[in-house]
Amino acid sequence: MTELKAPRIAAGPPMLLAGMRLPHTFAAATETIPAQWEAFRQLGAIASPTYGVICGNDVAAQTFEYMCAIVVTDFESLPADWGRVTIAAQQYAVFTHAGHISGLQATWNSIWNEWLPASGYGPADVPDFEVYDDRFDPKTGLGLVEIWFPIED
């Protein structure tokens with residue numbers, strides 16, 4: 001497990017996110033998600049920040065959907081094959097992952113298995129997401145990534 005610093009609790013604003021949305025298995029995600037990000041970057045100039053949105057979990061099937069996304073103002077002008085997610089205003093515990101992106105799964109595991117059970121919060125049934133801004137270098141995989149984990153009392 002990764003040692004976590006205490007998160008900040010923040011009110012997340014409503015957002016419209018759109019991008020490349022694909023299914024993954026829990027077992028293969030550490031290989032398939034980086035490949036998805038590479039394909040997303042190949043689409044051309046992508047505005048910062050970008051978001052990694054975790055949605056469509058099926059624990060029994062050990063699968064989930066992940067979307068490499070950007071904020072958009074509407075869904076009407078998007079390519080038909082782009083995924084779309086509406087994020088409502090929500091309370092979040094915001095964690096910072098520092099270091100190489102290959103350690104991100106360990107940070108997620110610590111949030112779920114260590115922080116959440118001891119936090120007094122429950123997970124809200126809305127998508128959680130990662131924020132990749134100018135503090136993260138996609139070429140080296142190094143920097144800071146924020147994890148926005150939706151919570152409820």
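Two strands pair if DSSP finds at least two bridges between them. Helices (H or I, at least four residues) and strands (E, at least two) are DSSP runs, numbered from the N terminus.

**Ground rules.** I'm working with a predicted model, so to speak of local features I need pLDDT of at least 70, side-chain atom pairs count only at pLDDT 80 or more, and totals for chains, interfaces and linings use all residues. Residues are numbered from 1 along each chain as its sequence is written, and side-chain values use heavy atoms, with hydrogens and water left out.

**Strands.** I looked up strand 6 and its partners. Strand 6 and strand 10 run antiparallel, joined by nine bridges. Here H97 stands opposite V145 in strand 10. Strand 1 (residues 8-12) is also antiparallel to strand 6, with five bridges. I noted that A11 has Q91 in strand 6 as its bridge partner.

**Pockets, the terms.** On a 1 Å grid over the protein atoms alone, a pocket is an open set of points where a 1.4 Å probe fits, with protein on both sides within 12 Å along at least five of seven lines; lining residues have an atom within 4 Å of a point. Grid points are joined across faces, edges and corners, and the volume is the space filled by probe spheres set on the points.

**Largest pocket.** I read off a volume of about 1300 Å³. Its lining has 45 residues, and I33, I54, Y66, W108 and E130 lie nearest the centre. Elements giving two or more residues to this lining include helix 1 (29-41), strand 3 (50-58) and helix 2 (104-119). Helix 1 gives the largest share, seven residues. I sorted the lining by class: 27 nonpolar (Ala, Val, Leu, Ile, Met, Phe, Trp, Tyr, Cys and Pro), six charged (Asp, Glu, Lys and Arg) and twelve polar (the others, Gly among them).

**Second largest pocket.** This one has a volume of about 190 Å³. Twelve residues line it, with L4, K5, F95, T96 and H97 closest to its centre. Strand 6 (residues 90-100) supplies the largest share of the lining, five residues. By class, I get six nonpolar, four polar and two charged.

**T30.** I checked this residue last, and T30 lies in helix 1. Its side chain makes a polar contact with the side chain of E31 at 3.4 Å. (That means N or O atoms within 3.5 Å, where within protein one must be able to donate a hydrogen and the other to accept it, and residues adjacent in sequence count only if both atoms are side-chain atoms.) I also looked at T30 and I101: they are 71 residues apart along the chain, and their C-alpha atoms are separated by 10.0 Å.
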